[in-house]
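Trainee: Could you take me through one part of this molecule up close? I would like to see how that part sits within the whole.

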Amino acid sequence: MKKVVKVENRGRKVNPNSARQIRLKELEAKRASGELRRGRPVDSNSTRQIEMQRKALNRILGTELRGRKVDPNSARQIRLAELDAKRANGELKRGRPSTISKLVDMINNGELVNS
């Protein structure tokens, strides 16, 4: 045999005609119909929204540019290009130079001469 559970209304009684209850009913009706708008409305013609649309389109196309543009004539970029060229030619020595190689370089340059 099933047990019958009695439901009790606990707490204070609610006045359905109060201003708060009327407002809550209106909000619930708007929420159910999908008309409830929360937060600040978005202006689709604002500069930020246009920029966001452009970035989204570039992301889809795979042409998104991020960060600052590189100046190819800057001192750092010139130095990096020279290092890449040396690396390609095999002239760039890797790692920390040893004392012997320094001495050999000095002898070859004529800086260290036996007198």
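Mentor: Happy to! Let's begin with a term: the radius of gyration here is taken over C-alpha atoms, and the globule rule is 2.2 Å times the number of residues to the power 0.38. By that rule, a compact globule of 115 residues would have a radius near 13 Å, whereas the protein chain has 38 Å. Keep in mind that this is a predicted model. The C-alpha trace spans about 115 × 50 × 30 Å along its principal axes. The protein chain holds four helices and zero strands, so its elements read α-α-α-α from the N terminus on. Buried residues account for 2% of the 115 residues.

Now for our close look, at helix 2. This helix covers residues 47-61, which is 15 residues. From the first C-alpha to the last, helix 2 reaches 21 Å, close to the 21 Å expected at 1.5 Å a residue.

Within helix 2 you will find N58. N58 counts as buried because its relative accessibility is 17%, and the cut-off for buried is under 20%. Which residues does N58 touch, leaving aside its neighbours within four places in sequence? They are T63 and E64.

To return to the whole, the accessible surface of the protein chain comes to about 12,300 Å², and 52% of that belongs to carbon and sulfur atoms. The chain also carries 29 positive and 13 negative charges, and the mean positions of these two groups lie 14 Å apart.

Key:
Residues are numbered from 1 along each chain as its sequence is written. This is a predicted model: local features need pLDDT of at least 70, side-chain atom pairs count only at pLDDT 80 or more; totals for chains, interfaces and linings use all residues. Side-chain values use heavy atoms; hydrogens and water are left out. Helices (H or I, at least four residues) and strands (E, at least two) are DSSP runs, numbered from the N terminus. Buried means under 20% relative accessible area, exposed over 50%, partly exposed in between (1.4 Å probe, protein chains only). Accessible areas come from the Shrake-Rupley method with a 1.4 Å probe; for residues, only the protein chains shown count as cover. Lys and Arg count as positive and Asp and Glu as negative; His and the chain ends are not counted. The place of a charge is taken as NZ of Lys, CZ of Arg, CG of Asp or CD of Glu. The expected span of a helix is 1.5 Å times one less than its number of residues. Contact means heavy atoms within 4.5 Å.
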